[in-house]
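Please keep the sequence and the model open while reading.

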Amino acid sequence: MAELPRRALVVAALLAVSACGGTAKPPASSPSEQAPASQGPWTWTDDRGKNVSLPQRPQRVVAQSAAAAALWDFGVRPVGVFGPHKLKDGGRDPEVGEVDITKVESIGNVWGEFNVEKYAALQPDLLVAGMYVKDALWYVPEQSVAAVDQIAPSVGVQLSGKPLVQIIEKYGQLAAALGADLNAAPVAEARKRFEDAGAALKQLAADKPDLSVMIVTGTPESLYVAYLPDHPDIKYWGDDLGLKIVYPERPTESEGGFWEVLSWENADKYEADVILVDARAQSMKIEEMAKKPTWAKLPAVKAGQLYPWHAAERYSYLGYAKVMEELATELGQARDDVVKE
């Protein structure tokens, strides 16, 4: 019982600070959008092995944008979000999926930005975020971890080193624990759509066994080539559905995993019929890459077979159904002989 008074004191202190800045009171949860609290205690063991135990089911959930998007698709309505969710023009960032950003409080929109005072003012019951690095909650700044942990417990969902379907199912299980109905029509329809999209992509891979695909992201200094085993979506397309993925050997420890880092002078190290390019707002655009001579010489570039890779897609049936439907359309029209020319 000692944790509750400590949390109350921390929240009170932070609210006092934020009150000076005019932070509004937290919005009340809408009965039509939030499931009623369950009677009795709520428990959850996350992918860090961390046990969360609360007197009742959390009602006020704050989540990293991709996690918020996944939970939203399963029927959970967070009250706050952090991580990419609003574009410069005010529109909704694709990384936040279907989340209505007019109905959630923004805690931060870019890497390193997490407003602890706003977070406390929301009086959250739970924070949810994915984890690419073991035990590190995505988009929670290291310097804010201690303060964030004192305000409310957190749940981490491991995203790397796990199969795509398993990650989606984990978000579904968490959503159900938070009161969502996994048998609701929108969820069931999304799951069927996901299965159909996967089957279509698998058939395409069988029909075009020679079609090679490479996945990259770029910066002004380097080209990054995705390492299949570290990316759940790419691994699913390659190992489960049979797409021919071009990828490097395991990256060195200094590269940090996930990618082989190439200088632009060596950007032609690998070739593929199709290149999927990181579509995140912060990533290098294709028109910028076109100015790099080695990039311009790649077969897929010369053939115009460049398509977006949705690197931060939310882990939900709906999210990846849309991704695979789009990918099947693009690959269906792609030539499978451009590398051989």
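Helices H6 and H11 are roughly parallel to each other, a class that takes angles under 35 degrees, while those over 145 count as roughly antiparallel, 65 to 115 as roughly perpendicular and the rest as oblique. The axes of H6 (residues 185-207) and H11 (residues 317-332) cross at roughly 25° and come within 8 Å. The model is predicted: local features need pLDDT of at least 70, side-chain atom pairs count only at pLDDT 80 or more, and totals for chains, interfaces and linings use all residues. Residues are numbered from 1 along each chain as its sequence is written, and side-chain values use heavy atoms, with hydrogens and water left out.

Axes are lines fitted to C-alpha atoms, for helices over the stretch in contact, with angles from 0 to 180 degrees between N-to-C directions. Helices (H or I, at least four residues) and strands (E, at least two) are DSSP runs numbered from the N terminus. H6 and H11 cross in a left-handed sense. The contact holds 13 nonpolar, 2 polar and 4 charged residues.

Helix H5 (residues 164-177) packs against helix H2 (residues 65-74) at about 65°, with the axes 9 Å apart, which makes H2 roughly perpendicular to H5. Ala67, Ala70, Leu71 and Phe74 of H2 make the contact with Ile168, Tyr171, Gly172, Leu174 and Ala175 of H5. By class this gives 8 nonpolar, 1 polar and no charged residues.

H5 also packs with H7, at an angle of about 130° and with the axes 8 Å apart, so H5 is oblique to H7. Here Leu164, Val165 and Ile167 in H5 meet Pro232, Asp233 and Tyr236 in H7. The classes are 5 nonpolar, no polar and 1 charged.

What is the volume of the largest pocket? The volume is about 630 Å³. A pocket is an open set of points on a 1 Å grid over the protein atoms alone where a 1.4 Å probe fits, with protein on both sides within 12 Å along at least five of seven lines; lining residues have an atom within 4 Å of a point. Of the 29 lining residues, Trp138, His231, Trp259, Asp278 and Arg280 are the closest to the pocket centre. Strand S8 (212-218) and helix H7 (232-240) are the elements that give two or more residues to the lining. The lining divides into 15 nonpolar, 8 polar and 6 charged residues.

Conventions:
Left-handed = near helix turned anticlockwise from the far one by under 90°. Nonpolar A, V, L, I, M, F, W, Y, C, P; charged D, E, K, R; others polar. Points joined across faces, edges and corners; volume = space filled by probe spheres on them. Contact = heavy atoms within 4.5 Å.
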